[in-house]
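Subject: A structure for you to look at

Hello,

I am handing a structure over to you, with some notes on what turned up in it. Please open it first and keep it beside you as you read.

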Amino acid sequence: QVQLVESGGGSVRAGDSLTLSCAASGRTFSMYLMGWFRQAPGKEREFVAAIVSSGGSAIYADSVKGRFTISRDNAKNTGYLQMNSLKPEDTAIYYCAARTSMFNEYSYWGQGTQVTVSS
């Protein structure tokens, strides 16, 4: 198993940037694909971005493409979500998650970190 802990959330203004971190412990982090999800108040959780275990390829939701960048440092057992040009609609609790392959569901989840963007 792997345990995930997010950090880096906060309250910012529209146009600002934030970088979220996802620290992993337990089994070797590099074995897992990693994703970021978010859930806004009153809405369902939605996909934000995902990256393969090697870090060589990533995909993004259309709503964040060009503004967010997902990355990982397997030597540090940490994943990141760089968020630029933040908008009020990016306000949500952000979760990192891990899975063993793209054919499996995300089995491991962090507790989430709050991001609030004011206009």
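This is a predicted model: local features need pLDDT of at least 70, side-chain atom pairs count only at pLDDT 80 or more; totals for chains, interfaces and linings use all residues.

Residues are numbered from 1 along each chain as its sequence is written, and side-chain values use heavy atoms, with hydrogens and water left out.

Let's start with a sheet. Strands here are DSSP runs (E, at least two residues), numbered from the N terminus, and two of them pair if DSSP finds at least two bridges between them. As background, strands of a sheet pair through backbone hydrogen bonds, either parallel or antiparallel. Four strands make an open sheet in the order β1-β3-β8-β7, with antiparallel pairing. Its edge strands are β1 and β7, each of which pairs on one side only. On average, neighbouring strands of this sheet are turned by 15° against each other, direction ignored (axes are lines fitted to C-alpha atoms, and angles run from 0 to 180 degrees between N-to-C directions).

Strand β1 (residues 2-7) is joined to β3 (residues 18-26) by six bridges, and L4 has A24 in β3 as its bridge partner. Buried means under 20% relative accessible area, exposed over 50%, and partly exposed in between (1.4 Å probe, protein chains only).

Next, the cysteines. With a disulfide taken as a pair of cysteine sulfur atoms within 2.5 Å, the count comes to one. The sulfur atoms of C22 and C96 are 2.0 Å apart in this disulfide. The pair links distant parts of the chain, with C22 in strand β3 and C96 in strand β9, 74 residues apart. C22 counts as buried because its relative accessibility is 0%, and C96 counts as buried because its value is 0%.

Finally, a backbone detail. Most residues other than glycine have a negative phi. N77 has a positive phi, near 55°, and sits in the loop between β7 (68-73) and β8 (78-83). S85 also has a positive phi, near 50°, and lies in the loop between β8 and β9 (92-99).

Enjoy exploring!
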